[in-house]
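Subject: Structure handover

Hello,

Here is the structure I promised to pass on. My notes follow below it.

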Amino acid sequence: MTLILAGDIGGTKTILRLMEESEPPLLRTIYEKRYRSGDFPDLVPIVQQFLGAVNTPIPPKACFAIAGPVVNNTAKLTNLAWFLDAERLQQQLNIASVSLINDFTAVGYGVLGLEAQDFYTLQPGKLNPEAPIAVIGAGTGLGQGFLIKQGKFYQAFPSEGGHADFAPRRELEFQLLKYLLDKHDIQRVSVERVVSGLGIVSIYQFLRDRKITDESPDIAEIVRTWEQEAGKQEKSVDPGAVIGTAAVQGRDRLCEQTMQLFVEAYGAEAGNLALKLLPYGGLYVAGGIAPKILPLIQNGEFLFNFTHKGRMRPLLEEIPIHVVINQQVGLIGAAIYASRL
């Protein structure tokens, strides 16, 4: 049996999990703890504190999923002044093998370790276990990636597909595109600017300013507070989450219309990704937003817009689609990647 250290490292929080590998791919969790990243100057003291709390030998291998780009096993966190180098971590932590991977690449590996209760199947499709797997996930941004079979294992590859152009398909979406171009004085709009937590707020502002429906005072106050805090790294409110919750609960018409447009755009972009990859191994909808608005994804608009691709509809109807409910999928992926080191 081999010990494995897995980590999900973000600007706000760091989650570490010590696992025991018996017969691959079986991994048993021994200890897990969450830390506030900003309370530490670097990852090293967090790991040292974590390992000091458990009575086990130093694990021989570790993998950390990083919220930011990873180049040559080094990474600078997007929202934290940490520079991580795998070779330095190996030396200072006395861990034989350390690897750094992008957090969405970790999500890609993580879907391989999900169990039935960890996801909801939106479309069963026709599974081909030799075909590519696609992963898309709206959260702070819009992550996209894919996995390809390499011998016995899948290898995950990152993508910057979330920064592709937003493609409006009807009059309201064309109006949204023009609104965003004018509001931000920009030359193009990425799909991430619409399909993300920030995108939810942008759609709400667009519908509000077009006076599509009256605004509720409580939601209005939260959105105004967020607007006044523009430019601050940490906000006191999360209007995207509030809008999504109000829509799921059916208690605010403007929020419901906002989320309908969001879900339609989300489904359409997932369909675009599927057309490029034909992922008959499955398309997984991950990210922090999907499980929180699952009833809205289940109502049919996501799937309709996913398959609404003209003559390609029959192809897309055969792709298995799963919504990831387990929010620790990235941590699972880091552990799977570490087990292969």
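Which residues of H3 are buried? They are Phe104, Thr105, Ala106, Val107, Gly108, Tyr109 and Gly110. Buried means under 20% relative accessible area, exposed means over 50%, and partly exposed lies in between (1.4 Å probe, protein chains only). Helices (H or I, at least four residues) and strands (E, at least two) are DSSP runs, numbered from the N terminus.

Two points on the source. This is a predicted model: local features need pLDDT of at least 70, side-chain atom pairs count only at pLDDT 80 or more, and totals for chains, interfaces and linings use all residues. Residues are numbered from 1 along each chain as its sequence is written, and side-chain values use heavy atoms, with hydrogens and water left out.

At its start, a side-chain oxygen of asparagine 102 comes within 2.8 Å of the backbone nitrogen of phenylalanine 104. That is a polar contact in the sense used here (a pair of N or O atoms within 3.5 Å; within protein, one must be able to donate a hydrogen and the other to accept it, and residues adjacent in sequence count only if both atoms are side-chain atoms).

Two packed helices are described by the angle between their axes and the distance between the axes. The axes of H3 (residues 103–110) and H12 (residues 329–339) come within 6 Å and cross at roughly 80°. H3 is therefore roughly perpendicular to H12. Axes are lines fitted to C-alpha atoms, for helices over the stretch in contact, and angles run from 0 to 180 degrees between N-to-C directions. Angles under 35 degrees count as roughly parallel, over 145 as roughly antiparallel, 65 to 115 as roughly perpendicular, and the rest as oblique.

From H3, the residues Ala106, Val107, Tyr109 and Gly110 take part. They meet Val329, Gly330, Ile332, Gly333, Ala334, Ile336 and Tyr337 of H12. Contact means heavy atoms within 4.5 Å. By class, this contact has 8 nonpolar, 3 polar and no charged residues. Ala, Val, Leu, Ile, Met, Phe, Trp, Tyr, Cys and Pro count as nonpolar, Asp, Glu, Lys and Arg as charged, and the others, Gly among them, as polar.

**H2**

In H2 (residues 86–93), the buried residues are Ala86, Leu89 and Leu93. Seen down the helix axis, they fall within an arc of 55°, so they line one face of H2. The arc is that of the directions from the helix axis to the C-beta atoms. Glu87 and Gln91 are exposed on the face turned away from the buried side. The buried residues pack against helix H1 (43–52) and strands S4 (61–66), S7 (83–85) and S8 (97–102).

Aspartate 85 caps the N-terminal end of H2, with a side-chain oxygen 2.8 Å from the backbone nitrogen of glutamate 87. Just after H2, asparagine 94 has a positive phi of about 60°.

**Other positive phi values**

Asparagine 73 is not a glycine, yet its phi is positive, at about 60°. It sits in the loop between strands S5 (70–71) and S6 (74–76).

Aspartate 185 is exposed, at 66% relative accessible area.

**Single residues in helices**

Arginine 208 lies in H5 (residues 197–209). It is buried, with a relative accessible area of 14%. Its side chain makes a polar contact of 2.8 Å with that of aspartate 209. Neighbours within four places in sequence aside, arginine 208 is in contact with Glu215, Val223, Arg224, Glu227 and Leu254.

Isoleucine 222 is in H6 (residues 217–228). It is partly exposed, at 22% relative accessibility. Not counting residues up to four places away in sequence, isoleucine 222 touches Val237, Pro239 and Val242. The C-alpha atoms of isoleucine 222 and valine 242 are separated by 8.3 Å, with the two residues 20 apart along the chain.

Isoleucine 46 belongs to H1. It is buried, with 0% relative accessible area. Beyond four places in sequence, isoleucine 46 is in contact with Thr14, Leu16, Tyr35, Phe40 and Trp82.

Best wishes
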